Amino acid sequence: MSEENKGRTPAREKKQALFHQKKNGYDRLPAGERQAMDDYCAGYKTFLDEGKIERECVTYAVALAEAEGFRPLVPGEALSAGDKVYVNNRGKSLFLAVIGTEPLDRGAVIGAAHIDSPRLDLKQNPLYEDRELAYLKTHYYGGIKKYQWTTIPLALHGLVVLQSGETVSIRIGEAPGDPQFTVGDLLPHLAADQAKKTMGDIVSAEQLNVFIGSRPFSQDEESDRVKLTILDLLHEKYGMVEEDFLSAELMAVPAVKAVDIGLDRSAIGAYGQDDRVCSYACLKALLDLEGTPARTAVCVLADKEEIGSVGVTGMQSAAFDFFMEDLCRGQGVEPRRCYEKAFCLSADVTAAYDPNFGEAYEARNSAFFNYGVCISKYTGARGKSGASDASAELVGKVRRVFAGAGVVWQLAELGKTDQGGGGTVAAYLANRNIDTIDAGVPVLSMHAPFETTAKLDCYMTYKAMKALYENREEG
Ligand code: MN
Ligand code: MN
């Protein structure tokens, strides 16, 4: 047997032909793409730091889009190939489009991701003093493990509408030297009773109170002097009084910046990568389109996914339909003709297999770190409930596009059956008669204040979305 043929048994050859070979993405990364991947991830980290809440994401995304020639859509205007337009929906969700060379009755390619993330929203009567410590009451937003939000540095973001009608933006705890905030936890020395509780009660929702100060206003014999100090500072800086909290949207988010993780810098650690990692991929892919796409390319950055895609800025809102209608009418096309031929990638994160908690996963159908963008044919829980369950034909189409564009990808579902589950915006797009499939980045510690992703997977999600936008294949 020659040196070359050693080990090439018939079984091995047959296996190579028939088995699904799963390989680490670094063994599949096209040569010369390391630099592009690193450059992409640098831009992504800036996106994470600039936009920690949906309003900031919209503002930053609009700035990036305008720099690439996008302009606000004027309802009723005629649209032609190459036009780049957007609609800013109330500052909290964003629709962008590049008009394709094909008319809109040939469909559109939609990338839909969400820009809201789990966090601690302030209640409308948040400020109080207890034993000469001042706190802010919170009502958590999205699915969190409450105990994870204690003893970490927090920043305050959002806005206040003053009695006068003036709107004041707030962002405290992000600039160098800014004060930050925190939620306390009980010291282990006194945690005997706490230790007997189950996870949801170790720290209860009403214990998620943000420490905001402790210095009395003056030496008078008055009550609530610490609270007064805080209000005095807020009044001085923002012109607000306590009643203005009633018309405020303020949220406490982790005051950490996006950083490289690992000695090899292979990963990114940051708050809110679910789902800004896919939001940035969809946005950047749209902004980086080379030439005019065949089908109109649409990017949706949605709000409220973490609480059910509800409200005027959520994916269930008619705001999306009205945007698509305006695009279609700009070409004299019936919107339903566009929807029935459209394709949507519901770009959202999935759970990366975590070897420290392997028992929660079913390894044969799990997403792995560094194995590329992860397609999920379905999401949901308890027998696929809540999933849109994409067709085999749709998976087949996406496979072909990815293979043709050198996209490193994998297919998985979120954890072990009956262990839990999750949903995305996919069902709401599919309900509109749009062929929709889920795909996105596998995340470690999803929904924790600090989530971890693999740079390779982030980059491949961008490449995947770009390949779909640029696809010229029929259907
Ligand atoms: Mn998500
Ligand atoms: Mn989520």
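## Strand pairing

Strand β7 (residues 154–161) pairs with strand β11 (residues 248–254) in the antiparallel sense, over 7 bridges. Across this pair, Ala 155 stands opposite Val 253 of β11. The model is predicted.

## The sheet

β7 and β11 belong to an open sheet of 7 strands. Its order is β8-β7-β11-β5-β6-β10-β9, and the pairing is antiparallel. Which strands form the edges? They are β8 (167–172) and β9 (182–183), each pairing on one side only. Strands of a sheet pair through backbone hydrogen bonds, either parallel or antiparallel.

## A helix across the strands

Helix α5 (residues 225–238) lies across β5 (119–130), β6 (133–141), β8 and β10 (210–213). Helix α5 runs at about 125° to β5.

## Helix α2 against helix α6

Helix α2 (residues 34–50) packs with helix α6 (residues 273–287). The angle is about 125°, and the axes are 10 Å apart. Angles over 145 degrees would count as roughly antiparallel and 65 to 115 as roughly perpendicular, so α2 is oblique to α6. The crossing of α2 and α6 is right-handed.

From α2, the contact is made by Tyr 40, Gly 43, Tyr 44, Phe 47 and Leu 48. From α6 come Gln 273, Arg 276, Val 277, Ser 279, Tyr 280, Ala 281, Leu 283 and Lys 284. By class, the contact of α2 with α6 has 8 nonpolar, 3 polar and 2 charged residues.

Terms used: Residues are numbered from 1 along each chain as its sequence is written. Chains are lettered from A and ligands numbered from 1 in the order in which they are written. This is a predicted model: local features need pLDDT of at least 70, side-chain atom pairs count only at pLDDT 80 or more; totals for chains, interfaces and linings use all residues. Side-chain values use heavy atoms; hydrogens and water are left out. Axes are lines fitted to C-alpha atoms, for helices over the stretch in contact, and angles run from 0 to 180 degrees between N-to-C directions. Helices (H or I, at least four residues) and strands (E, at least two) are DSSP runs, numbered from the N terminus. Angles under 35 degrees count as roughly parallel, over 145 as roughly antiparallel, 65 to 115 as roughly perpendicular and the rest as oblique. A crossing is left-handed if the near helix is turned anticlockwise from the far one by less than a right angle, and right-handed if clockwise. Contact means heavy atoms within 4.5 Å. Ala, Val, Leu, Ile, Met, Phe, Trp, Tyr, Cys and Pro count as nonpolar, Asp, Glu, Lys and Arg as charged, and the others, Gly among them, as polar. Two strands pair if DSSP finds at least two bridges between them.
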